[in-house]
Amino acid sequence: MRTVPRLYERLTWPEVKAAAEEDVVCLIPVATLEDHGPHLPIDTDLRLTAEICRRAAEADPDHILLLPPIPHGYSPHHMDFPGPITIAWDTFTRYLTDVGSSLARHGFKRMLFLNGHGSNQNFVEAAARLIAVEHPNVLAAAAFHTSGPESMRLIEEIRESERGGMAHACELETSMYLAIDADAVDMDKAVDERSYPAGEYSWMDWADGPLKIMPWWSSFSRTGVQGDATKATAEKGHALLAAAVQECVAYVRELLEKPTPERREPQETMP
């Protein structure tokens with residue numbers, strides 16, 4: 001029984017070969033560097049996602065092989081603020097696909113991209129689908145952290161802000177960062193800014209509305225914040241992190257329960 005996370009980059013090539021022969025899930029954190037208000041570092045998405053994945057790998061080291069985080073994502077709409085590094089959508093998608101294809105080439109059959117930046121999500125999902133098309137016997141999946149049913153239940157239970165208070169550099173992200181590294185958070189500069197032009201079908205919160213609209217960030221946010229960072233606490237952050245880790249481990253175990261795909265000839269009738 002292993003007691004520490006298995007880190008892909010710390011293996012020798014014979015150990016990689018041996019790991020690929022086991023039934024493990026390659027867990028790949030994906031995020032970005034971008035503005036998170038005056039109170040949080042620009043590594044917020046990266047730090048939170050990497051920490052969730054690290055704790056998940058620590059919780060289930062026999063079934064999770066943790067890869068290094070992918071730090072840069074798709075953030076062109078944030079570029080009016082100093083700090084973001086954005087990667088073109090097609091370069092980013094192909095990069096993720098190449099990572100997955102490399103793992104498939106080495107014999108890994110199951111992989112999970114866990115994303116922590118909203119504007120990445122469509123491209124992360126596309127990459128997982130492309131990997132599955134290019135390697136038909138591979139199960140490649142994508143998910144956004146802290147978005148499963150139990151996480152959403154917890155969010156509704158502990159949040160103090162109304163809808164719009166948990167979107168970006170907000171009550172949720174600030175709480176989680178406080179739980180990880182309180183010294184890196186300047187709560188004296190935390191603000192409550194909920195200036196996204198919400199409507200009946202379009203709004204910004206941890207679960208957005210069905211109508212997706214994303215203009216330049218500076219067109220509606222003065223500080224870079226969307227949400228109520230002033231309501232963040234480390235106590236909330238610890239609870240949210242625990243839920244996110246449990247959720248990630250559950251995703252891994254579901255992937256392990258599924259058979260790897262097998263292409264078949266189409267038939268007109270059921271056998």
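Modeller: In this predicted model, strand S1 is joined to strand S3 (residues 64-66) by two bridges, and the two strands run parallel. Within this pairing, Arg6 stands opposite Leu65 of S3. The pair belongs to an open sheet of five strands, in which the order is S1-S3-S2-S4-S5 and the pairing is parallel. Strand S1 (6-7) is one edge of that sheet and strand S5 (139-144) is the other, each pairing on one side only.

Helix H4 (residues 121-134) lies across strand S2 (25-30), strand S4 (110-115) and S5. Relative to S5, H4 runs at about 170°.

A second, separate sheet is also present. This open sheet has three strands in the order S6-S8-S7, and its pairing is antiparallel. Strand S6 (166-168) and strand S7 (192-193) each have a single partner strand and stand at the edges, so one side of each is left without a neighbour in the sheet. S7 pairs with strand S8 (residues 226-228) through two bridges in the antiparallel sense. There, Glu193 has Gly227 of S8 as its bridge partner.

The packing of helices may be considered next. Two packed helices are described by the angle between their axes and the distance between the axes. For helix H2 (residues 44-59) and helix H7 (residues 234-257), the axes come within 9 Å and cross at roughly 60°. H2 is therefore oblique to H7. The crossing of these two helices, H2 and H7, is right-handed. From H2, the residues Ile52, Arg55, Ala56 and Ala59 take part in the contact, and they meet Leu241, Ala244, Val245, Cys248 and Val249 of H7. By class, the residues of this contact between H2 and H7 comprise eight nonpolar, no polar and one charged.

Finally, the chain as a whole. Its secondary structure amounts to seven helices and eight strands. Taken along the principal axes, the box filled by the C-alpha atoms of the chain is roughly 55 × 45 × 35 Å.

Definitions and conventions: Residues are numbered from 1 along each chain as its sequence is written. This is a predicted model: local features need pLDDT of at least 70, side-chain atom pairs count only at pLDDT 80 or more; totals for chains, interfaces and linings use all residues. Side-chain values use heavy atoms; hydrogens and water are left out. Two strands pair if DSSP finds at least two bridges between them. Helices (H or I, at least four residues) and strands (E, at least two) are DSSP runs, numbered from the N terminus. Contact means heavy atoms within 4.5 Å. Axes are lines fitted to C-alpha atoms, for helices over the stretch in contact, and angles run from 0 to 180 degrees between N-to-C directions. Angles under 35 degrees count as roughly parallel, over 145 as roughly antiparallel, 65 to 115 as roughly perpendicular and the rest as oblique. A crossing is left-handed if the near helix is turned anticlockwise from the far one by less than a right angle, and right-handed if clockwise. Ala, Val, Leu, Ile, Met, Phe, Trp, Tyr, Cys and Pro count as nonpolar, Asp, Glu, Lys and Arg as charged, and the others, Gly among them, as polar.
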